[in-house]
Amino acid sequence: MATVLLIIHLFVTLALIGVVLLQRSEGGGLGIGSSQGMGSFMSGRGTANLLTRTTGILGTAFFVLSLALALLGRGTGLQGSILDAPAPPAATTPAAPVAPAAPSVPTN
């Protein structure tokens, strides 16, 4: 169940990214959704309304799917707190360092 929702969530996310990039923004953006390149398919206002509605629907679907995945994943974790776990065993003391070997070549 969670895998199916996760795949749907991925598709909704990619569609939402695409629709947001298609919208014409104040700063120019990609502006692919404008009527200039689409011929007489839809007017500029009709395209803007369609993209705005699609963004709202996909945003709502993203939000609902995120909540559903969070609720499904809620019970799969470990029960209890990390503070309830026993303390790790005490670390052993490290061995004394070995003295470096004397140089084999005289250093006069």
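**Ground rules.** I number residues from 1 along each chain as its sequence is written. Because the model is predicted, I keep local features only at pLDDT of at least 70 and side-chain atom pairs only at pLDDT 80 or more, while totals for chains, interfaces and linings use all residues, and side-chain values rest on heavy atoms, with hydrogens and water left out.

**Overall.** Of the 108 residues, 13% count as buried, with buried meaning under 20% relative accessible area, exposed over 50% and partly exposed in between (1.4 Å probe, protein chains only). Among contacts (heavy atoms within 4.5 Å) between residues at least 6 apart in sequence, 65% join residues at least 24 apart.

**Helix α1.** I checked the span of α1, residues 2-22, and its 21 residues reach 30 Å from first to last C-alpha, close to the 30 Å expected, a figure defined as 1.5 Å times one less than the number of residues. Its buried residues are Leu5, His9, Val12, Leu16 and Val19. They fall within an arc of 95° seen down the helix axis, so they line one face of α1; the arc is taken over the directions from the axis to the C-beta atoms. An α-helix has 3.6 residues a turn, so residues three or four places apart point the same way. On the other side of α1 I noted Thr3, Leu6, Phe11 and Leu14 as exposed.

**Core.** I then asked which residues make up the largest nonpolar core, a term for buried Ala, Val, Leu, Ile, Met, Phe, Trp, Tyr and Cys residues joined through side-chain atoms within 4.5 Å. There are eight: Leu5, Val12, Leu16, Val19, Leu51, Leu58, Leu65 and Leu69. Helices α1 and α2 (44-72) each supply at least two residues of this core.

Leaving aside neighbours within four places in sequence, I find Leu16 in contact with Thr55, Leu58, Gly59 and Phe62.

**Annotation.** The unreviewed UniProt entry marks residues 51-72 as "transmembrane region", and such annotations may be inferred rather than shown by experiment. In the model this span is 100% helix and 0% strand, with its end C-alpha atoms 31 Å apart.

Technical notes: Helix = DSSP H or I, 4+ residues; strand = E, 2+ residues; numbered from the N terminus.
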